[in-house]
Amino acid sequence: MTSRIPRDSRLRLVRPRPLAAAPSAVNQRRPRRAAPRPPEGTPAPAELARMARSGLADAARIAHWADAALGPGGDGATDDGKATLSEATARRAADHLGLTAAQVRADWDTARLAGLVEVHGDSARPGWRLRAWDRDDSAVLRGWVALFDAWSLAHPEPEGREAAAVAEVVSAMPQVLSFLQLSAGPVPVEQLLDLLEQRVTELRTERCEIPYGPQPEPTEEPEAADPQDAPLAPLLDWALHALASVGALTYGDGQATLTPLGSWAVWVKLEQICVAAQSPAGNIEVAADEMLRGCAQLRPNAARAEYRAWLAARPVGSAVTELIAAARGDDALLRGLAFEALRVVGAPAEPDVRSVADEPTLRPYALLWLAEHDGIDPEDAHEVLTREEATWLWVDTAAAVADHGEAPMLVRHLESALQPTVPQLLDEVRAVGHPRTVQVLVALAAAHPDPALAKAVRRAAFQVHTGG
């Protein structure tokens, strides 16, 4: 028998979003970490944004040109599906902007890495940061940090170098950058090279690549070059030139110095590591689905803090892949929470979210995410869904409530349906073909206190079950 007395539930529905993180059963207040302050001497955010705008002025110029000349989704911008500017478009931009085709290509690549343009196959469109470029300092700084994160793609790597050796240097450079940031001044390249060699040795040791014990006798056959034998000085020179090309440091006269932007960006990265180390609920080391299950017991603000900590502890690309994989699972609660976590990711998740918008299971969630990402008010985002998509989402949310919530909450979920009457709702629920339709209707019939309505819901469940 179901109680008719409303009770607090650990689950909470927020419309139009399908399912929000649930409040904790016990209201425990945790001491808040004081807002971190950047190192003394760091320019104000407005000044940092001015520096970033200056450094990315050429990239913003080509992005604005593409927006005006190519139009929305301008076909023909790329010719290989890999974001390479087509010959015709490069020549057209060069003629219009008074540049060479090579300069146009370089600026295009920078704009793409900074998120000023987004390329999808053979079409390009302005990125969200370009829309906010002149008015939003935070968008400008995020764009510059995205370029900073992609420094190894911004400058061609030395030819003839082993890919494994290049990857080791890329993995070791955060420690080199941290040393530069702590030094707060010029550092001789010889000192950076010593540090790089130490860090690369540590990485190889962690992978057990340092040989131990007796080694086999050398053979007369020539062996492939061992990346451990490759000198690191040329690769350090490449890395410093690449970081200088994005404006993170200055490099010359045998020494390197972080720019104010570079010093600030390294500090931001170090702070992210600190946030990850202070994960409120201790979920940073677990897989996405387990993290989301843990967040189901948290209030929305605490859950978002947990998402941020979990995301800070891993590369954005792999984190987004994990979250989408969790959303594809059978648990509807995790599906809703996964897209809440993707909202915390923001713009970097947009291509992946867009790519799953045609999957029936994820489509309503993806369309809501994209609508909010494009600036539509969350209260109005549900208007992008068709009637069928909204009904499918209603069933999916009901499945989450049935699995993880309480009976009164499932009854209240009826109020969020688009259909004005229960018979109309039942007809449309049967038509959308959600795989959990029968279970949801059975649970709703068992929970509803109105015998007549419960009977109608049970009849609908039976008809779906028997195909009638």
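Helices here are DSSP runs (H or I) of at least four residues, numbered from the N terminus. The model is a predicted one.

**A loop residue**

Leu 418 sits in the loop between helices α19 (407-412) and α20 (422-432). Is Leu 418 buried, partly exposed or exposed? Its relative accessibility is 38%, so Leu 418 counts as partly exposed. The class runs between two cut-offs: buried means under 20%, exposed over 50%.

**A helix residue**

His 96 belongs to helix α3, which covers residues 87-97. At 59% relative accessibility, His 96 counts as exposed. The cut-off for exposed is over 50%.

**Pairs across the sequence**

Both residues have a partner listed below, with C-alpha distances.

| Pair | Separation in sequence | C-alpha distance |
|---|---|---|
| Leu 418 and Ala 390 | 28 residues | 7.7 Å |
| His 96 and Trp 65 | 31 residues | 8.8 Å |

**The sheet**

Now to the strands. Three of them form an open sheet, in the order β4-β6-β5, with antiparallel pairing.

Look at β5 and β6. Strand β6 spans residues 255-258, and β5 pairs with β6 in the antiparallel sense over four bridges.

A helix joins the picture. Helix α10 (residues 233-245) packs on the sheet and touches β5 and β6. The direction of α10 makes about 135° with that of β5.

Note on methods: Residues are numbered from 1 along each chain as its sequence is written. This is a predicted model: local features need pLDDT of at least 70, side-chain atom pairs count only at pLDDT 80 or more; totals for chains, interfaces and linings use all residues. Side-chain values use heavy atoms; hydrogens and water are left out. Two strands pair if DSSP finds at least two bridges between them. Helices (H or I, at least four residues) and strands (E, at least two) are DSSP runs, numbered from the N terminus. Contact means heavy atoms within 4.5 Å. Axes are lines fitted to C-alpha atoms, for helices over the stretch in contact, and angles run from 0 to 180 degrees between N-to-C directions. Buried means under 20% relative accessible area, exposed over 50%, partly exposed in between (1.4 Å probe, protein chains only).
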